[in-house]
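Subject: Structure for your review

Dear colleague,

Please find below the structure that I am handing over to you. My notes on the contacts between its chains follow.

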There are 4 protein chains.
Amino acid sequence: MGGQQPEDPAGRRDPGAHRVLRAARPEGTRVRVGAVEVGGPGFVVMAGPCAVEGAEQLELAARAVAQAGAHLLRGGVFKPRTSPYAFQGMGEPGLKLLVDAGRRHGLPIISEVMETEQLPLMAEHSDILQVGARNMQNFGLLRALGRLRKPVLLKRGLSATVQEWLNAAEYILAGGNEQVLLCERGIRTFETSMRNTLDLAAVAWAKERTHLPVIVDPSHATGIPSLITPMSLAAAACGADGLLIEVHPRPEQALCDGQQAMSPGDFATLMQRLPGVLAAVDRHLWTPAVPAQIAGAR
Amino acid sequence: MGGQQPEDPAGRRDPGAHRVLRAARPEGTRVRVGAVEVGGPGFVVMAGPCAVEGAEQLELAARAVAQAGAHLLRGGVFKPRTSPYAFQGMGEPGLKLLVDAGRRHGLPIISEVMETEQLPLMAEHSDILQVGARNMQNFGLLRALGRLRKPVLLKRGLSATVQEWLNAAEYILAGGNEQVLLCERGIRTFETSMRNTLDLAAVAWAKERTHLPVIVDPSHATGIPSLITPMSLAAAACGADGLLIEVHPRPEQALCDGQQAMSPGDFATLMQRLPGVLAAVDRHLWTPAVPAQIAGAR
Amino acid sequence: MGGQQPEDPAGRRDPGAHRVLRAARPEGTRVRVGAVEVGGPGFVVMAGPCAVEGAEQLELAARAVAQAGAHLLRGGVFKPRTSPYAFQGMGEPGLKLLVDAGRRHGLPIISEVMETEQLPLMAEHSDILQVGARNMQNFGLLRALGRLRKPVLLKRGLSATVQEWLNAAEYILAGGNEQVLLCERGIRTFETSMRNTLDLAAVAWAKERTHLPVIVDPSHATGIPSLITPMSLAAAACGADGLLIEVHPRPEQALCDGQQAMSPGDFATLMQRLPGVLAAVDRHLWTPAVPAQIAGAR
Amino acid sequence: MGGQQPEDPAGRRDPGAHRVLRAARPEGTRVRVGAVEVGGPGFVVMAGPCAVEGAEQLELAARAVAQAGAHLLRGGVFKPRTSPYAFQGMGEPGLKLLVDAGRRHGLPIISEVMETEQLPLMAEHSDILQVGARNMQNFGLLRALGRLRKPVLLKRGLSATVQEWLNAAEYILAGGNEQVLLCERGIRTFETSMRNTLDLAAVAWAKERTHLPVIVDPSHATGIPSLITPMSLAAAACGADGLLIEVHPRPEQALCDGQQAMSPGDFATLMQRLPGVLAAVDRHLWTPAVPAQIAGAR
């Protein structure tokens, strides 16, 4: 075959990830989700319970995060669980609850999709399709998402390098879907004090390398409620474009990862503390009252 | 809700992984693949190219591994690749080549399945369905495999604990498919001299904890051809039930992971060296001439 | 021996680390270094070259960091190097240069001590004695430092848990020296894009657990100059008490770790950006003009 | 300065580690310890308690390992402990017990040295000076060991790459002391089922790269007694030159790491199982009855 580069029987060569690179869109990608824009100067907060558990729990959570100023409502209805016997999510009935709660409180919704088979349902109802860390290299799922024209939030794998994370996003972009948000949620290291090790330098590094917005999930990253506020402020300070936070009306009763959920009160306090840090880095909480063109000219 | 245990709305509780535990089948599971038995005293070697590239390459590889004494022919036709532009495998035409080569040389075949959609095709033609490290927690795929009655080889995830690996196997067993082989293929650590860090202590530990057979893949684990022989001998010495090895007729020309493939000559030498180590731990290379009952009585 | 607890022949039992715990001094420890106070509301910046290389280099660096508002001058004269043939530091002549430069610019100095034998010299001349990551569990050195009454900056080991880091500090406190600063400088993980993985959650976690001040070294943590500013701002946002930053007048000519040093211009810009973030978390750059008592009463 | 290579003020350049490389002594280094030779075809087993606790404990341990066929007696008298309040070893009185026990049973001894100050005492009495994992980059200690003419066993650091380990050995060789044994004792990874992750591929890799003998410590590596036998057999199979094993007459009463010590009975069984595996790789347990020249010609 002669050349040094691997070549496949069809003669294609691997050009490497290129659609995701900053050079492909130096001004950065802005992703529209309903009225909300992610990736511009406005900082976007997505909050809600890890799992939708029922109508009352979700209503309490949705009301709390909406009142505190969150921009999207999160809630899992299909849950990837280490054990086959753990609560696997409410499925379609949970999705309906989530859609209704979002509508009642004027919040677009984000929910996880685990399998290609769930795409038709989820793509119809969820405003952002979340891909979990364990599926970051589920290439069939990534390809299927590339065929949609819907925003996707792609979590970094537990042990994925930044380059592998960008390559996974390239799978989606290569299919023509350019509405991709990256999400850092902590990597797996030797340190066991916390659930994972939040890699904020990877956020700053990714922001240099790619034009895609980068979101931070401090809840999964630390697993410790008292660390969510400092890590959220740090994420805002280092250039992240938003947060994905678990809030539960009664964290101690959560069916899933309750020990890491914020209470509504703590979340409201965090929302009051974010603007100061954001202002120091020429950002602000996203708001329809500050049009992007004006904010960008500051 | 009263109790301390998480409970889902339907009232189920998580009993934890139990079907995989050694206590559930103290004598150990033996998995039949054609005439070959994995998990008994016979040590089973699966070998072949990382990817099926064409008829000639596969025939040369199959002939070489058969002559050297391998028991199964491996070959990927659907390849999970970090980059969407890298060679993704030959797909169904490659599978046909693999089936034919196996038949010609009297070897059952093992090939990777990446998506639920590939299951009908793969389950019909491949004797063992391999689940790659990146799919170890692709729970939809695991559940679908649990509905089959076919042997599955489940690779350990890059950063999966032994417990998470057993839990992933539990997903398959919970569906009623008990023919599961575990495969250690190296974990991701700080050490970059080698591709991954082969965790042989996890093999010995898994053998204590579960009744499922444990296979070792020294090719992906090290990525260095000269280390495959010592690591194969070490795997045999510490209680593994078999090996999964990449052999390519011309490693330097391989389309996928060529730098880690063994040459046919080195593989033949390894096959000659295994019996000595196996004898020292009361095992032997699997052979139909030593019926399992007799070998078990040694 | 009866009991379940390990007990040594002399009858002592291990009470665990307790002097370092927050409960032992809930108000937090403040460490005085010359006129500077670390651990109060004032945020302290230590900056200078990785290694003292000569009079001119050091003077340029010292002038630059002093003008930009740094509070201490850092500079290594004994350098731990992976290779025995790499530049090992200027030793005592370098220390004299550092002392003189600090005096000229009104900055206390911090320099690394590698061995007990260097303690008399270093304790006489350096205002803070730095213990490097590779020496975090050099228990003989820690004990010797415990016998001094000088501030010590204890870097976290490359693969030390937060608990092990606190235990190492306990060795110093147990000797009666309570002037200990902790310093997070990145941990070793699988991620190789950056030199190490900066673990800011460990900073917030340590601040909860211990009364000792916590400093962040973004230079060693990332090894990438463009990441130092965002990581410094993030450190300020999440509760760190100060920074330890490498600044070199000509980074590209540095004898040691030059690729990660900031230029004087970038450092000056960082110093202008810190106050905004600090104000958002009720902190400020340390300054003698804001007496600690008043600041503490805010 | 013009050139691209870092250069220090004295004009030396870093040639990189070279004395440790296989090319510097292709036939391999053989280290004499009393009558025992390490690094030739004979496989050497060093065994004994983690810590010397008293005369009776040590006598029982020494007798047991001598009767089972061990070649050296190990025992710590200066113990590096995470906590300053844990049992720190018996010190000089313990060393005397160890020397006497070794003499009574005809075994050379190996014991850990933690600080340069301990060198005169330890170098006089211990046949091998052990450097623990936490001191692998205690460069002052390494340089001091380089000035001795005594065998040194250098453990790999918890998160040291193979290259860094070789560089640490180079510090000793650079001082003129060529009697260095490397010891793999497990690295720190995300996996918490075991104390550390035994990296046997690093053993095979190190054997390729360096002429120094490589020993394996399965006790610290796994922390689980039932895994010591399989990991010892695996070490023998993959080319290690010997083992360092913790044996305690009453593991459950050990003052230090008792949970990982082998019982005398299990150790004796292991010693009976090693010869079979060693024979399969053309090695044998070291014995004065098989002169090295003859064995080398096999």
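Arg188(B) and Glu164(A) form a salt bridge in which the closest N and O atoms are 2.6 Å apart. Please bear in mind that this is a predicted model.

**Chain B and chain A**

Residue pairs in polar contact between chain B and chain A number 19, with both residues of each pair at pLDDT 80 or more. On the side of chain B that touches chain A, the elements giving two or more residues are helix 4 (139-146) and helix 5 (162-174) of chain B. Helix 5 of chain B supplies the largest share of that side, five residues. By class, this side of chain B consists of 17 nonpolar, 14 polar and 14 charged residues.

The contact draws 45 residues from chain B and 45 residues from chain A. Together the two chains bury about 3600 Å², of which 53% lies on carbon and sulfur atoms. Within chain B, the most area is lost to chain A by Thr82(B), Tyr85(B) and Arg134(B), which together account for 18% of what that side buries.

**Chain D and chain B**

Here the contact involves 37 residues from chain D and 37 residues from chain B. The buried area is about 2700 Å², with 72% of it on carbon and sulfur atoms. In chain D, Phe190(D), Ala201(D) and Trp205(D) lose the most area to chain B, together 19% of what that side buries.

Two salt bridges are found across this interface as well. In one of them, Arg156(B) pairs with Glu191(D), the closest N and O atoms being 2.8 Å apart. Six residue pairs are in polar contact between chain D and chain B, both residues being at pLDDT 80 or more. Helix 6 (200-209), helix 8 (225-237) and helix 9 (264-280) of chain D each give two or more residues to the side that touches chain B. Helix 8 of chain D contributes the largest share, seven residues. That side of chain D has 23 nonpolar, eight polar and six charged residues.

**Within chain A**

The axes of helix 4 (residues 139-146) and helix 5 (residues 162-174) of chain A come within 6 Å and cross at roughly 40 degrees. Helix 4 of chain A is therefore oblique to helix 5 of chain A. Phe139(A), Leu142(A), Arg143(A), Leu145(A) and Gly146(A) in helix 4 meet Ala168(A), Tyr171(A) and Ile172(A) in helix 5. The residues of this contact divide into six nonpolar, one polar and one charged.

With kind regards

How values were computed:
Residues numbered from 1 in each chain as written. Chains lettered and ligands numbered in written order. Predicted model: local features only at pLDDT ≥ 70, side-chain atom pairs only at ≥ 80, totals over all residues. Heavy atoms only, no water. Contact = heavy atoms within 4.5 Å. Buried area = accessible area lost by both parts, 1.4 Å probe. Salt bridge = Lys/Arg side-chain N within 4 Å of Asp/Glu carboxyl O. Polar contact = N/O pair within 3.5 Å; in protein donor to acceptor, adjacent residues only side chain to side chain. Helix = DSSP H or I, 4+ residues; strand = E, 2+ residues; numbered from the N terminus. Nonpolar A, V, L, I, M, F, W, Y, C, P; charged D, E, K, R; others polar. Axes fitted to C-alpha atoms, helices over the stretch in contact; angles between N-to-C directions. Parallel < 35°, antiparallel > 145°, perpendicular 65-115°, else oblique.
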